[in-house]
Amino acid sequence: GSRSARVGKMLRLLPRLRPVILGQHVRCAAAFHTRGRRNSALDHDAYGLGGWYGQQLRATTILSVRKENQVFVIGDGQVSLGSQIIKPNARKVRRLKEGVIAGFAGATADAMTLFERLEMKLQEHPETMRACVEMAKAWRMDKYLRRLEAIMIVADANVSLTLTGTGDVLEPADGIIGIGSGGMFATAAARALIDVDGMDAEAVGRKAMNIAADLCVYTNHNFVTETLTVAAPVAADQESASATAASVGESEPPSATN
């Protein structure tokens with residue numbers, strides 16, 4: 001009698017246990033395919049955070065806008081730990097050296113380490129593109145650096161780049177880069193505003209960041225900005241005209257004096 005009662009109780013509980021058993025099978029399968037890595041793309045998708053090359057979108061927004069003779073980099077100041085706001089005024093955009101600006105989205109301690117490594121690469125290779133390529137190679141190959149979780153924007157007067165831990169060095173076609181959890185909002189807004197007459201790079205960047213801060217819960221309105229002014233290139237006709245005037249001035253004989 002008692003045995004049949006236990007069997008009947010188990011049969012009644014079976015419909016309730018089926019979702020639990022199924023969930024355990026799904027988690028075991030995910031753990032097998034990702035080999036136990038907690039920062040895998042499957043875990044991020046399970047939390048609805050999405051991913052970019054298998055990396056979690058970081059809880060911040062950094063935007064770089066290049067227009068005409070100006071490069072503008074802006075970032076918010078919010079530091080989040082899960083659902084908590086730890087700090088509202090962190091500085092995530094800084095100058096690495098004269099003429100080079102960098103911004104990061106990711107773990108703060110990891111970003112500080114990457115900033116130091118990038119500064120070392122800039123001392124070894126003054127050209128920003130070459131320094132970023134060498135930095136990406138080290139970030140990808142080094143056992144210690146590959147564990148650092150961050151995405152970086154590096155910009156100078158000539159180029160704007162995105163650096164990732166997978167070895168990517170990406171240059172945008174339109175001069176606009178957005179990273180972090182609100183990066184897609186900021187990028188879309190900046191692309192919509194980039195062709196508006198009367199708006200320079202700073203105006204476009206600030207408006208786009210305000211839109212991203214209104215949409216992303218991990219982004220606030222305490223912005224940190226850096227600006228670079230790019231020297232306007234000399235037009236070919238002006239350069240040839242100045243060269244012709246200089247040659248004419250050299251060929252004219254000195255005037256005789258009485």
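Predicted model: local features only at pLDDT ≥ 70, side-chain atom pairs only at ≥ 80, totals over all residues.
Residues are numbered from 1 along each chain as its sequence is written, and side-chain values use heavy atoms, with hydrogens and water left out.

The chain comprises seven helices and 13 strands, where helices (H or I, at least four residues) and strands (E, at least two) are DSSP runs numbered from the N terminus. Of its 258 residues, 37% count as buried; here buried means under 20% relative accessible area, exposed means over 50%, and partly exposed lies in between (1.4 Å probe, protein chains only). Among contacts (heavy atoms within 4.5 Å) between residues at least 6 apart in sequence, 60% join residues at least 24 apart. The chain exposes about 15,600 Å², of which carbon and sulfur atoms supply 55%; accessible areas come from the Shrake-Rupley method with a 1.4 Å probe, and for residues only the protein chains shown count as cover.

Eight salt bridges are present in the structure, each defined as a side-chain nitrogen of Lys or Arg within 4 Å of a carboxyl oxygen of Asp or Glu. One of them is formed by the side chains of Arg95 and Glu226, with an N to O distance of 2.9 Å. This pair links distant parts of the chain, since Arg95 lies in strand S7 (residues 93–97) and Glu226 in strand S13 (residues 224–229), 131 residues apart. The two partners are assigned to separate accessibility classes: Arg95 counts as partly exposed at 32% relative accessibility, while Glu226, with a relative accessible area of 13%, is buried.

A salt bridge also joins the side chains of Asp174 and Arg191, again at 2.9 Å from N to O. Distant parts of the chain are linked by this pair, with Asp174 placed in the loop between strand S11 (169–170) and strand S12 (176–180) and Arg191 in helix H5 (residues 183–193), 17 residues apart. Asp174 is partly exposed, with a relative accessible area of 33%, and Arg191 is likewise partly exposed at 48%.

Within helix H6 (residues 201–215), Arg206 and Glu202 are four residues apart and therefore separated by about one helical turn; their side chains meet in a salt bridge with an N to O distance of 3.2 Å. Arg206 has a relative accessible area of 32% and is partly exposed, as is Glu202 at 27%.

Lys and Arg count as positive and Asp and Glu as negative, with His and the chain ends not counted, and the place of a charge is taken as NZ of Lys, CZ of Arg, CG of Asp or CD of Glu. Arg140, Lys143, Arg146 and Arg147 gather in a patch of positive charge. Among these residues, Arg146 is located in the loop between helix H4 (128–141) and strand S9 (150–155) and counts as partly exposed at 48% relative accessibility. A nonpolar surface patch of about 250 Å² is made by Phe185, Ile211 and Leu215. Leu215 belongs to helix H6 and is exposed, with a relative accessible area of 53%.

Terms used: Patch = residues over 30% accessible without salt bridge, like charges linked within 9 Å, V, L, I, M, F, W, Y side chains within 5 Å.
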